[in-house]
Amino acid sequence: GAAFARQFAKQGYDLILTGRRKERIASLAETLSKSHNIEAEVVIAELSDDRQLDLLLDRVRTVTGLEVLVNNAGFANENPFHEEPVTTHEMMLKVHNLAPVKLCHAVLPNMVARRKGAIINVSSMAAFLPLPGEAMYSGTKAFLKSFTESIHLELRGTGVRAQVLCPGMTRTDFHERMGYDPKAFYRDSGMLKAMTAEEVVQVSLRDLERGKVLCVPGRSRKMLRLLMKFLPQSAIYKIVSAPSKTKGQAG
């Protein structure tokens, strides 16, 4: 999210930044405002809270000239589905699926009327794979992928673009917040070498300009996705079920 904000600020866009961590987001907004002479508004919201999400939706609807919506919020856990409290699953559904659906629904009427705009929904390589221990994560990311591709088809001819971004391992604080040691977690490992957030964003925006709906950054991730198409399902189950010292590698 921060990498997208920095890139759009560099291009001269005014920003509405949202998230839960007030101090970090406010600091980013102040830095970008001063560095690029743009306006950066902060709307603090927990997207799993219906009231706070509604306040964000109300704010977004008032921006009739909104150019780009980026749905990037997400989190993960690594427990068997039945061992995790159902409230955690409900929260993930709200953050990964319900919030993006409502935000897309809020901005699309104005975008379509103006025949201009773009939506980027951040999914994951997990959208292509069943992941034991991360059943809800892979499931919600798969929904976001299919949902965005469907919107893309509906928007043909309107001038409005939709992209689903499916990164693999990316160097952010995502995994650190899950309790991993960043130095050990991001140790380069062949095809699963982690990309930086800036690299992912550059590929995303390049593909958006080219009109590509499905964006998989990194040659190794593209190869992995291609491989998944040809492997029998039984082989895929075996691969994703293999014990690993480093979990969460789908990104």
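This report describes the predicted model of one protein, from its overall make-up to individual residues.

## Model and confidence

The model is predicted, and its mean pLDDT is 89. A pLDDT of 70 or more is reached by 87% of the residues. Residues 245-250 are a stretch where pLDDT stays under 50. The model gives this stretch 18 contacts beyond four places in sequence. Where pLDDT is low, the predicted coordinates should not be read in detail.

## Overall make-up

The protein has 251 residues, of which 44% count as buried. Its secondary structure comprises nine helices and eight strands.

## The parallel sheet

Strands of a sheet pair through backbone hydrogen bonds, either parallel or antiparallel. Here, four strands form an open sheet with parallel pairing, in the order β3-β4-β5-β8. The edges are taken by β3 (68-71) and β8, each of which has a single partner strand, so one side of each has no neighbour in the sheet.

The parallel pairing of β4 with β5 runs over six bridges. G117 has V160 of β5 as its bridge partner, and I120 stands opposite Q163 of β5. Five of the six residues of β5 are buried, so this strand is largely enclosed by the rest of the structure.

## Helix α5 and its packing

Helix α5 spans residues 135-154. With 20 residues, α5 reaches 29 Å from its first C-alpha to its last, close to the 28 Å expected at 1.5 Å a residue.

The buried residues of α5 are M136, Y137, S138, T140, K141, L144, K145, F147, T148, I151 and H152.

## Aromatic pairs

A pair of aromatic rings is described by the distance of the centres and the angle of the planes. The structure has three aromatic pairs. In one of them, the ring centres of F8 and Y13 are 5.3 Å apart and the planes are at 80°, so the pair is edge-to-face. F8 is buried at 8% relative accessibility, whereas Y13 is partly exposed at 27%. Together with F4, these two residues form one aromatic cluster.

F143 and F147 form a stacked pair, with 5.6 Å from centre to centre and 10° between the planes. An α-helix has 3.6 residues a turn, so residues three or four places apart point the same way. F143 and F147 are four residues apart in α5, which means that about one helical turn separates them. F143 has a relative accessible area of 36% and is partly exposed, while F147 is buried at 19%.

## Cysteines

A disulfide is a covalent bond between the sulfur atoms of two cysteines. The structure holds zero disulfides. For C166, the closest cysteine sulfur is that of C215, at 8.0 Å, which is too far for a bond. For C215, the closest cysteine sulfur is in turn that of C166. C166 is buried, with 0% relative accessibility, and C215 is likewise buried at 0%.

## Residues with positive phi

Most residues other than glycine have a negative phi, and most peptide bonds are trans. N37 has a positive phi, near 55°. N37 sits in the loop between α2 (22-36) and β2 (40-44), and is exposed, with a relative accessible area of 74%.

R115 also has a positive phi, near 55°. The loop that holds R115 lies between α4 and β4. R115 counts as exposed, at 53% relative accessibility.

Notes:
Residues are numbered from 1 along each chain as its sequence is written. This is a predicted model: local features need pLDDT of at least 70, side-chain atom pairs count only at pLDDT 80 or more; totals for chains, interfaces and linings use all residues. Side-chain values use heavy atoms; hydrogens and water are left out. pLDDT is the predictor's confidence in each residue, from 0 to 100. Contact means heavy atoms within 4.5 Å. A disulfide is a pair of cysteine sulfur atoms within 2.5 Å. Buried means under 20% relative accessible area, exposed over 50%, partly exposed in between (1.4 Å probe, protein chains only). Rings of Phe, Tyr and Trp (its six-membered ring) pair if their centres lie within 6.5 Å; planes under 30 degrees apart count as stacked, over 60 as edge-to-face and the rest as tilted. Helices (H or I, at least four residues) and strands (E, at least two) are DSSP runs, numbered from the N terminus. The expected span of a helix is 1.5 Å times one less than its number of residues. Two strands pair if DSSP finds at least two bridges between them.
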